[in-house]
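Me: I would like to learn how to read helices and pockets in a model. Can we take one case step by step?

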Amino acid sequence: IWELLTGSILAYLEIKKGRKLENKFFNKICPIFGLLLIFFSVLFYNDKMPHPSFYTTIPVAGTCLIIWFSNQNELITKILSSKLFVGTGLISYSLYLWHFPIFAFSRMRTPDQELTNLSYFILIGISFVMAFVSWRYVEKFFRDRSKLQRKSVFLIASICILLSLFFALVNAKTEGFKDRFSYATPQLIKTRGEFGKYVDYHFINNL
């Protein structure tokens, strides 16, 4: 929430106050420094770092520096305004949604071995393709007000919510559709849940 609030404050200051600091030195240095902060986070952060925490302020501060101090004719602005970055930004939300199940199911298919670099590149490529398709045929459609009126959006959203609730109720009633498993698997899952024991994947497979 505070990350979104940071962007909201920048937008408010931009609209209501305008940019008070028109210093060429800061306008050149701050966006570069902000980009370095983001790269630092990408290169040196790992899944062991607590998030959100103080560490999160570093990439957020870097983003704020780029947004607040960048100007149209500066190098960083030109780089980030290129078709590659703008295109990635357009599909970024779909990319965020698609990459998780694609990578998760891929790891489930090979639980006893790490994904290779080639596998990563292929999965990233698939994520980008699916993200573009979602953006082109779903996001753009719903954002075009000439094609979709408010009543239609409300109706579609209501149907989706009702279907989701129905599926959730059925899922709860059937205990996660446990009949799709063989007899041994639910027993092992139950054993793991009760005693906290780790059940080896190969052991389940062999049963």
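Me: This is a predicted model. What covers the buried residues of helix 3?
Reply: The cover includes helix 1 (2-17), helix 2 and helix 4.

Me: Which residues of helix 3 are buried?
Reply: Start with the general idea. An α-helix has 3.6 residues a turn, so residues three or four places apart point the same way. Now the case here. The buried residues in helix 3 are V60, G62, C64, L65, I66, W68 and F69.

Me: How far apart are the end C-alpha atoms of helix 3?
Reply: They are 18 Å apart. Helix 3 has 13 residues, 57-69, so at 1.5 Å a residue it should span 18 Å. The two values agree.

Me: Now S41. Is S41 buried or exposed, and why?
Reply: S41 counts as buried because its relative accessibility is 9%, and the cut-off is under 20%. S41 sits in helix 2. Its side chain reaches the backbone oxygen of L37 at 3.0 Å. Leaving out residues up to four places away in sequence, S41 touches I58 and P59.

Me: How do I read a pocket? What volume does the largest pocket have?
Reply: Rolling a probe the size of a water molecule over the atoms shows where empty space is left. Here the largest pocket has a volume of about 780 Å³. It is lined by 14 residues, and I38, V42, T88, S92 and L95 are the closest to its centre.

Me: Which helices each supply at least two residues of that lining?
Reply: Helix 2 (24-44), helix 4 (75-80), helix 5 (83-90) and helix 6 (92-109).

Me: What is the lining by class?
Reply: Ten residues are nonpolar and four are polar, with no charged residues.

Technical notes:
Residues are numbered from 1 along each chain as its sequence is written. This is a predicted model: local features need pLDDT of at least 70, side-chain atom pairs count only at pLDDT 80 or more; totals for chains, interfaces and linings use all residues. Side-chain values use heavy atoms; hydrogens and water are left out. On a 1 Å grid over the protein atoms alone, a cavity is a set of points where a 1.4 Å probe fits but cannot get out, and a pocket is an open set with protein on both sides within 12 Å along at least five of seven lines; lining residues have an atom within 4 Å of a point. Grid points are joined across faces, edges and corners, and a volume is the space filled by probe spheres set on the points. Helices (H or I, at least four residues) and strands (E, at least two) are DSSP runs, numbered from the N terminus. Ala, Val, Leu, Ile, Met, Phe, Trp, Tyr, Cys and Pro count as nonpolar, Asp, Glu, Lys and Arg as charged, and the others, Gly among them, as polar. Buried means under 20% relative accessible area, exposed over 50%, partly exposed in between (1.4 Å probe, protein chains only). A polar contact is a pair of N or O atoms within 3.5 Å; within protein, one must be able to donate a hydrogen and the other to accept it, and residues adjacent in sequence count only if both atoms are side-chain atoms. Contact means heavy atoms within 4.5 Å. The expected span of a helix is 1.5 Å times one less than its number of residues.
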